[in-house]
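Visitor: I have a model open on my screen and would like to learn how to read it. Could you walk me through a few features?

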Amino acid sequence: MKIYVTGATGVLGKRIVRELSGLGHTVAGMARSAKGEETVGSMGGVPSRADLFDKDALLKDIEGSDVVIHAATSIPVKKRLKPEDFRLNDRIRREGTRIVAECAIQAGARRLVFQDVVWVARPEDGSFYDESSPVVPSPTLQSGIDGEGIVLGAGEKSGMVATVLRCGFFYGSDTAHTRQMGAGLKKRAFPIIGDGEALWSLIHIDDAASAFVTAALEDLPGIWHVVDDRPVKTGDFLNYFAGRIGAPQPYRFPVWLARFLAGSYSVGFFTASNNTSAAKLKRASGWSPKYPTYREGIQQVVRDWKAEGFL
């Protein structure tokens with residue numbers, strides 16, 4: 001098959017390109033620079049210099065694709081985040097998604113796969129939720145919700161299989177947020193906020209990529225959650241992570257102080273529960289996580305970091 005991937009130079013996208021090309025598929029990956037072209041090529045893909053917001057150029061490269069995977073994002077990496085920091089990401093999720101969906105339809109693609117996050121449907125009371133739960137709009141999540149609607153609507157309009165993969169909190173040895181967290185823990189500058197009882201549904205970046213590969217090869221219409229097998233309390237996760245990298249146990253910060261230092265968005269993210277599962281995806285497909293819990297995943301992260309010399 002011919003498969004087109006946006007966001008192909010990111011930590012998720014390059015894994016998708018590598019896995020699919022390794023299975024013998026022709027994979028075109030969007031790259032915005034010469035360095036990006038090298039990255040796509042090193043993963044076994046064919047570089048595409050089309051601009052996400054240039055429909056004519058993008059359509060030329062998507063033409064003839066059986067599957068289109070829209071994995072492009074622009075998530076800011078800052079300690080203190082504001083809604084305006086998400087402007088480019090919002091444009092990618094709305095305008096970019098509309099253009100990608102239109103190109104996929106005109107190119108005659110059989111499948112369109114879109115990346116989002118599970119916390120678009122996170123209940124305010126922290127209870128368990130799944131793919132059938134209503135979304136909970138917020139300024140930083142609404143563009144993802146809009147993107148989901150664009151993709152699912154394109155599927156209804158054209159008859160192609162439209163898949164939304166909502167991923168849990170990514171972590172991996174080369175993800176910016178994980179490296180930031182590890183460096184902070186090592187300096188004892190990444191605290192447990194509040195009581196540390198909030199639940200996180202996580203997913204190792206390798207397992208997230210394998211879910212996209214599954215969606216590219218199997219018909220999975222609709223919305224699917226991609227998380228590992230066991231949510232973990234934030235305090236347990238950070239204490240375990242610190243122990244694996246030889247860092248002291250993290251401090252505990254009261255919510256009010258953390259909000260003053262890091263802002264409401266970051267504090268809200270680290271103190272809100274994400275209690276969900278990937279049971280639906282596991283029942284309907286051949287996918288299951290290689291790293292079923294954070295313990296196996298963090299052990300892999302630490303092995304990579306030791307080999308690299310990070311920290």
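**Reading strands, helices and contacts**

Guide: Gladly! Let us begin with a strand pairing: threonine 6 stands opposite histidine 70 in E4. Please keep in mind that this is a predicted model.

Visitor: Which strands does E4 pair with, and in what sense?

Guide: Strand E1, residues 2–6, pairs with E4 in the parallel sense over four bridges. E4 is also joined by four bridges to strand E5, residues 111–117, and these two run parallel.

Visitor: How should I read the two faces of a strand?

Guide: The general idea is that side chains in a regular strand alternate between the two faces of the sheet. In strand E4, residues 67–70, Val67 and Ile69 are on one side, while Val68 and His70 are on the other. These four residues are all buried, and both faces of E4 are covered.

Visitor: Now a helix, please. Which residues of H6 are buried?

Guide: In helix H6, which spans residues 176–186, they are Thr178, Met181, Gly182, Gly184 and Leu185. They cover an arc of only 165 degrees around the axis, so they lie on the same side of H6.

Visitor: How do I read a pair of aromatic rings?

Guide: Such a pair is described by the distance of the centres and the angle of the planes. Searching the whole structure gives 13 aromatic pairs. In the pair of phenylalanine 269 and phenylalanine 270, the ring centres are 5.4 Å apart and the planes are at 85 degrees, so this pair is edge-to-face. Both phenylalanine 269 and phenylalanine 270 are buried.

Visitor: Which arginine lies over the face of phenylalanine 53, and which ring has the charged end of arginine 179 over it?

Guide: Arginine 91 lies over phenylalanine 53, at 3.7 Å from the ring centre. As for arginine 179, its charged end sits over the ring of phenylalanine 310, 4.0 Å from the centre.

Visitor: Could we follow one residue through its surroundings? Is threonine 163 buried or exposed?

Guide: Threonine 163, in strand E6 (residues 161–167), has a relative accessible area of 1%, so threonine 163 is buried. Beyond its neighbours within four places in sequence, its contacts include Leu112, Val113, Phe114, Val151 and Trp224. Leu220 is also among its contacts, and the side chain of threonine 163 reaches the backbone oxygen of leucine 220 at 2.6 Å.

Visitor: And why does glutamate 148 count as buried?

Guide: Its relative accessibility is 5%, and the cut-off for buried is under 20%. Glutamate 148 is placed in helix H5, residues 142–158. With neighbours within four places in sequence left aside, glutamate 148 is in contact with Phe114, Asp116, Val120, Val164, Arg166 and Ile223.

How values were computed: Residues are numbered from 1 along each chain as its sequence is written. This is a predicted model: local features need pLDDT of at least 70, side-chain atom pairs count only at pLDDT 80 or more; totals for chains, interfaces and linings use all residues. Side-chain values use heavy atoms; hydrogens and water are left out. Buried means under 20% relative accessible area, exposed over 50%, partly exposed in between (1.4 Å probe, protein chains only). The arc is that of the directions from the helix axis to the C-beta atoms. Rings of Phe, Tyr and Trp (its six-membered ring) pair if their centres lie within 6.5 Å; planes under 30 degrees apart count as stacked, over 60 as edge-to-face and the rest as tilted. A charge sits over a ring if NZ of Lys or CZ of Arg is within 6 Å of the ring centre and within 35 degrees of the ring normal. Contact means heavy atoms within 4.5 Å. A polar contact is a pair of N or O atoms within 3.5 Å; within protein, one must be able to donate a hydrogen and the other to accept it, and residues adjacent in sequence count only if both atoms are side-chain atoms. Two strands pair if DSSP finds at least two bridges between them.
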